[in-house]
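Dear colleague,

Please find below the structure that I am handing over to you.

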Amino acid sequence: MELDKIEYRKQRSIAKVLFQSKCPRCGQGNMFKDSNPYNIYNFDKMNRYCSNCNMDFENETGFYFGAMYISYLVCIFFSVIDFAIYAFTVGFGKIQIYLIANSLVLFVLWPFIFRISRVIYLWVTDFLFNGEGANPDRA
């Protein structure tokens with residue numbers, strides 16, 4: 001039984017979509033082939049379609065170039081949090097310590113940031129274009 005777009009959107013949880021890399025339309029299918037973002041060999045391998053609602057995860061070649069901007073914003077978000085933690089614990093003495101610590105945090109979080117930026121980008125484009133780029137009726 002196939003649900004319409006409105007029913008799909010009611011079923012999904014934004015936190016589940018973001019942190020578990022689920023389909024932004026139905027919240028059920030996995031966007032990535034491996035659920036572990038720290039599996040270095042497969043952290044960027046995506047499924048082409050949602051296994052539940054058949055949403056096309058790559059509407060066209062180069063679709064995820066826009067996710068770079070989302071990734072940049074996510075990195076800024078984490079950097080601001082790191083700076084606040086640094087400023088309250090160490091103070092403003094040596095900024096080099098902050099730069100090294102922040103670089104390490106962003107390096108460790110990179111697979112997660114990569115995935116979450118793609119999920120956010122797909123979610124935003126699906127919301128803005130009302131699912132027009134997806135193909136729910138593919139055979």
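**Pockets and their linings**

In the second largest pocket, α2 (14-19) and α4 each supply at least two residues of the lining. Helices here are DSSP runs of H or I with at least four residues, numbered from the N terminus. A pocket is an open set of points on a 1 Å grid over the protein atoms alone, where a 1.4 Å probe fits, with protein on both sides within 12 Å along at least five of seven lines; lining residues have an atom within 4 Å of a point.

The model is predicted, so local features need pLDDT of at least 70 and side-chain atom pairs count only at pLDDT 80 or more, while totals for chains, interfaces and linings use all residues. Residues are numbered from 1 along each chain as its sequence is written, and side-chain values use heavy atoms, with hydrogens and water left out.

The second largest pocket has a volume of about 150 Å³, a volume being the space filled by probe spheres set on the points, which are joined across faces, edges and corners. Of its 14 lining residues, Phe19, Gln20, Ser21, Ser35 and Arg115 lie nearest its centre. The most residues in this lining, three, come from α4.

For the largest pocket, the volume is about 180 Å³. Its lining includes Glu58, Phe63, Trp110 and Arg118. Both α3 (67-89) and α4 (95-128) supply at least two residues of that lining, and the largest share, four residues, belongs to α4.

Yours sincerely
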